[in-house]
Amino acid sequence: MRYVDRYHVQCKKQHNEAKRRKRKKEWLRNTPLYIRGLGQVSAASIPIPEYDDEAPVDFRFLVNTKECAVFFKRIRKAGASGIRHYRINMENVQHIDFASTMMLSAIGEELLNNGCALGGNSPKRPECERYLKESGFFNKLFDQNRRRFASSTDSEFITVERGQYKLTSQHYRAFRELVRHIKLHLLGQTTNTRMHNTIIKEICANSVEWSEADKSQWTLGAKFESDKVIIVALDLGRGILEKLFIDYWEHLKNLISFKTDANILFGAFEQKYGSTALESNRNRGLPCVKAAMDDGYIKDLKVVTNNSIIDFLKGNNTMFAKHRGTFNGTLYSWRIDKNCIL
Amino acid sequence: MTFNIHQDYSEDTGIRHSKYSETSGEDFYHDKLNEIFYGCYTRNEVLELVLDGGDDGYTPSFLDESIGNLVYDFTLDVVKTMLHIVSDWEPYWIDEIEKKTYPKWEERRRKGEQATITKSHGAWYRLINGVPEKRVWIVYTEEQ
């Protein structure tokens, strides 16, 4: 390299160095201290968020399905990322339903399995706070003083413990007891419980066999109100649509007739499709649940899975989202009142 | 011969396979139903299978797996002749079995689609050219 070129290169280097120092000074002047990783600042200057997420204002999973599903997905994703705590702000919740409280409980269990504690505050609206208490949401939780909340007597939960992969005689007894309590609450006496047992067993069986939920976990809860009992059964697995087997010709028919995922889900309840077991005699459980609704044993059956929701009472099946991964799991909600076949 | 599932097998019944529940349809078939039906077959006696009794409800998968396996191993004609199902409390089960279980499992038998087992079972009876033969017809492996 000639002397003159070497001189020019050196000047250029010094010039670039000077520019870099100027840029750094400007960045240091404009960037807040806590982002730069320095801890010695006053609390007033650092806007540390108190909560990691905020619950939707309309926190009814069966009404405002998409927003709630996306909210639950965010919590689950955060819980799976390895963080130790996740706090949600429920202060502004104006409406809530039993399905949402059950989902939050189940997700809390799932996060706990991953070593993450889910916490938060109660809604400011008294009706919503009371609903949360009555639904039994606080039953296994602790307040900020590490004291357990008083259990609600207006609800009953059956949850499979971690590590249990199959239904046992203990579960069958628990189902029978739950159905007996429901009939006692509604009729003042216990009549035969068989059909309602069948429905609960079939739904839980689907979760255990097909959901691929962590440790085949599923949750069943009942909320006792004055004139009815609301029951919710859910699992946090892959969802019905991901486990259906649709053969090539059926798939082609669906494409040609522009069938949506919601239509396909409804078809599963009419035994139009098989299961991934590829046995022609399978898929008896979902039609059995629908038949129970048609025959009047249960009412107001709603099923939410993947990206679709079916409301059997109104005869609607709708997609609330484009992607099947929006809600990984299946939730059944139904009610029993005095007008059902008991 | 009369066999009441709730009294003679278990007060509680599960779902289809042993892997996913206790007292499943698979367990019931291999532990009880196959042997009892074979006994009735050799004596040329009708087996009366009573579904009534108890508070526990059946699942369609339990009945489908247990009675379906009977159709597979003994053929539909034999089962229709020698099995009488009694379900006075819930008559719809008889409809379910006759309209769905029987034809689907007979179709599986004709196509040679073996039943699925989810654990090892002892030898059981199957009709081969009208003659009952007892052996382990399906060997359970972990991959199933």
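# Helix packing and chain contact: worked exercises

The crossing of α3(B) and α5(B) is right-handed, in a model that is predicted.

**Exercise 1.** Determine how α3(B) and α5(B) are oriented relative to one another, and which residues make the contact.

*Solution.* Begin with the geometry: α3(B) packs against α5(B), which spans residues 92-111 of chain B, at an angle of about 45 degrees, and the axes are 9 Å apart. Turn next to the residues: from α3(B) the contact takes Pro60(B), Leu63(B), Asp64(B), Glu65(B), Ile67(B), Gly68(B), Asn69(B), Val71(B) and Tyr72(B), which meet residues of α5(B) including Trp93(B), Tyr102(B), Trp105(B) and Arg109(B). Sorted by class, the contact of α3(B) with α5(B) has nine nonpolar, three polar and six charged residues.

**Exercise 2.** Work out how α2(B) crosses α3(B), and describe the make-up of their contact by class.

*Solution.* The axes of α2(B), residues 25-43, and α3(B), residues 60-74, come within 9 Å and cross at roughly 40 degrees. α2(B) is therefore oblique to α3(B), and the crossing of this pair is right-handed. On the α2(B) side the contacting residues include Phe28(B), Tyr29(B), Leu33(B) and Phe37(B), while on the α3(B) side Phe62(B), Leu70(B) and Phe74(B) are among them. By class, this contact of α2(B) with α3(B) has eight nonpolar, four polar and three charged residues.

**Exercise 3.** Decide whether α2(A) is roughly parallel or oblique to α3(A), and list the residues that meet.

*Solution.* The axes of α2(A), residues 65-80, and α3(A), residues 98-113, come within 10 Å and cross at roughly 10 degrees. Because angles under 35 degrees count as roughly parallel, α2(A) is roughly parallel to α3(A). Phe71(A), Phe72(A), Ile75(A), Arg76(A) and Gly79(A) of α2(A) meet Ser100(A), Met103(A), Leu104(A), Ile107(A), Glu110(A) and Leu111(A) of α3(A), and these residues divide into seven nonpolar, two polar and two charged.

**Exercise 4.** Describe the contact between chain A and chain B by its residues, its buried area and its salt bridges.

*Solution.* The contact takes 26 residues from chain A and 34 residues from chain B. The area buried between the two chains is about 2,700 Å², of which carbon and sulfur atoms give 44%. Between chain A and chain B the count is six salt bridges; the side chains of Asp12(B) and Arg176(A) also meet in a salt bridge, at 2.2 Å, N to O.

Definitions and conventions
Residues are numbered from 1 along each chain as its sequence is written. Chains are lettered from A and ligands numbered from 1 in the order in which they are written. This is a predicted model: local features need pLDDT of at least 70, side-chain atom pairs count only at pLDDT 80 or more; totals for chains, interfaces and linings use all residues. Side-chain values use heavy atoms; hydrogens and water are left out. Axes are lines fitted to C-alpha atoms, for helices over the stretch in contact, and angles run from 0 to 180 degrees between N-to-C directions. Helices (H or I, at least four residues) and strands (E, at least two) are DSSP runs, numbered from the N terminus. Angles under 35 degrees count as roughly parallel, over 145 as roughly antiparallel, 65 to 115 as roughly perpendicular and the rest as oblique. A crossing is left-handed if the near helix is turned anticlockwise from the far one by less than a right angle, and right-handed if clockwise. Contact means heavy atoms within 4.5 Å. Ala, Val, Leu, Ile, Met, Phe, Trp, Tyr, Cys and Pro count as nonpolar, Asp, Glu, Lys and Arg as charged, and the others, Gly among them, as polar. Buried area is the accessible area (1.4 Å probe) that two parts lose on being put together, summed over both. A salt bridge is a side-chain nitrogen of Lys or Arg within 4 Å of a carboxyl oxygen of Asp or Glu.
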